[in-house]
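Please keep the sequence and the structure in view while reading.

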Amino acid sequence: MQFDRIENVIDIPTIQTKVVTIVGAGGSAPLIENLTRSGVQHWKLVDPDIISGVNIPRQGHAPDDIGLTKVDAVAQKIRAINPAATVECYPIDFTTLSDEEIHEVFGETDLFIFATDSFACQARGNIVALLLNTPAIWIGLYAGGLGGEVVFWHPDLDCCYRCLCSSRYEAQQKANEQGESLDPPSQGATIFDIQLLDSIAGQICLGLLTRGTDNRFGKLIDQLGTRQFLQVGISPEFRVNGNDVIRKHLGIDENCQPYFAWNTIALSDPAKGNDYCSDCDKVRGHSFTQGIAGSMCLRSGVNKSKTESTT
Ligand SMILES: [Zn+2]
């Protein structure tokens with residue numbers, strides 16, 4: 001691959017050494033392809049699903065892929081872009097793996113990407129990231145594709161995914177007790193919604209993989225600092241519990257004519273409190289904070305856990 005035109009912004013020699021594990025290989029297929037174009041060449045793909053006709057309009061798969069596992073189809077796409085890539089395929093449910101199996105199979109991972117519509121899977125991903133002390137990113141599209149979120153963590157940060165999304169965990173627990181699921185349906189979320197979110201997520205991935213290099217992506221993660229919760233308003237009708245949170249956080253006046261849609265906010269945990277996080281306590285031996293998406297969830301019908309996957 002000839003990286004001449006991007007090597008000034010992406011640390012290619014570094015990113016080529018990194019191992020990326022992605023859980024969910026449906027809607028994230030174009031993200032995987034684009035990270036491969038950006039130099040990632042060691043992949044572990046996890047997804048138990050088989051491609052069917054409904055995946056074609058929303059994901060990066062083609063009719064010829066129908067009947068293949070998503071991981072095998074994506075592996076072919078990676079190899080078509082970079083024949084030197086190494087790809088391991090795991091057509092399995094990530095949540096069924098024990099801690100020991102995680103260590104054995106994914107212990108050498110440099111970055112986890114969790115791109116599923118399953119809360120159980122995203123939550124298990126947090127424990128895994130903490131257990132392995134490995135940077136991770138969670139991507140979630142909200143119901144109807146009106147908005148979405150990208151959450152990231154690396155070991156220098158206090159707040160984990162659960163710290164940031166504590167009330168989502170509480171809402172999920174209540175739903176589970178009533179035999180319900182808060183995992184959102186896929187209806188109404190198009191590939192353009194998914195790819196808008198994935199374009200931001202992909203840049204965060206480049207940042208996490210090349211952090212510390214003196215170029216645009218190498219600086220990105222430290223420029224974000226503790227602003228680990230990125231929320232993207234995709235539709236002009238995106239609201240959280242009736243509130244235009246994007247306008248509010250950006251301090252946009254009601255009369256601001258250019259304000260429309262496709263805006264991103266990057267939020268830190270405003271509380272920096274001491275609420276209990278059982279994941280941090282269990283794995284890191286201490287608990288930090290009380291949750292930004294958590295406080296949003298309390299106010300929100302949307303953000304409570306209506307994340308929709310990129311699968
Ligand atoms: Zn935590």
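Is Gln228 buried or exposed, judged by the number of other C-beta atoms within 10 Å?

The model discussed here is a predicted one. In this model Gln228 counts as buried because 27 other C-beta atoms lie within 10 Å, and 20 or more are required for that description. The residue sits in the loop between helix H9 (216–224) and strand E7.

When neighbours within four places in sequence are left aside, the contacts of Gln228 are with Val151, Phe152, Trp153, Leu157, Cys159 and Leu164. Val151, Phe152 and Trp153 are also listed among the buried residues of strand E6. A further approach involves Ser268, which is 40 residues away along the chain, with 6.0 Å between its C-alpha atom and that of Gln228.

Strand E6 (residues 147–153) is largely enclosed by the rest of the structure, because seven of its seven residues are buried. The burial applies to both faces: Gly147, Glu149, Val151 and Trp153 lie on one side, while Gly148, Val150 and Phe152 lie on the other.

Strand E5 (residues 136–142) runs antiparallel to E6 and is joined to it by six bridges, with Ile139 standing opposite Val150 of E6. Between the two strands of this hairpin there are four residues, and in the turn Gly144 adopts a positive phi of about 75°.

Two of the facing positions can be named: Phe229 in E7 is the bridge partner of Val151, and Gly233 in E7 stands opposite Gly147. E7 also pairs with strand E8 (residues 263–267), in the antiparallel sense and over five bridges, where Gln231 has Ile265 of E8 as its bridge partner.

E7 is mostly covered, with five of its five residues buried. Phe229, Gln231 and Gly233 point one way from the strand, whereas Leu230 and Val232 point the other way, and the buried state extends to all of them.

## Helices H8 and H9

Helix H8 (residues 191–209) packs against H9 at an angle of about 95°, and their axes are 7 Å apart. The two helices are therefore roughly perpendicular to each other. On the H8 side the contact is made by Gln203, Leu206, Gly207 and Leu208, and on the H9 side by Phe217, Leu220 and Ile221. Classified by residue type, this contact has five nonpolar, two polar and no charged residues.

Within H8, Leu206 deserves a separate description. Leu206 is buried because 27 other C-beta atoms lie within 10 Å, and its contacts, leaving aside neighbours within four places in sequence, are with Ile10, Ser38 and Phe217. Leu206 and Leu111 are 95 residues apart in sequence, and the separation in space, C-alpha to C-alpha, is 10.0 Å.

## Helices H2 and H3

The axes of helix H2 (residues 29–37) and helix H3 (residues 70–81) come within 9 Å and cross at roughly 25°. The angle makes H2 roughly parallel to H3, because angles under 35 degrees are counted in that way. The crossing of H2 past H3 is right-handed. Ala29, Ile32, Glu33, Thr36 and Arg37 of H2 meet Val74, Lys77, Ile78 and Ile81 of H3, a contact with five nonpolar, one polar and three charged residues.

The buried residues in H2 are Ala29, Pro30, Leu31, Ile32, Leu35 and Thr36. Their cover includes strand E1 (19–23) and helices H3 and H8. Following H2 comes Gly39, which has a positive phi, near 115°.

Conventions
Residues numbered from 1 in each chain as written. Predicted model: local features only at pLDDT ≥ 70, side-chain atom pairs only at ≥ 80, totals over all residues. Axes fitted to C-alpha atoms, helices over the stretch in contact; angles between N-to-C directions. Parallel < 35°, antiparallel > 145°, perpendicular 65-115°, else oblique. Left-handed = near helix turned anticlockwise from the far one by under 90°. Contact = placed C-beta atoms within 7 Å. Nonpolar A, V, L, I, M, F, W, Y, C, P; charged D, E, K, R; others polar. Buried ≥ 20, exposed ≤ 12 C-beta atoms within 10 Å, placed from the backbone. Pairing = 2+ DSSP bridges.
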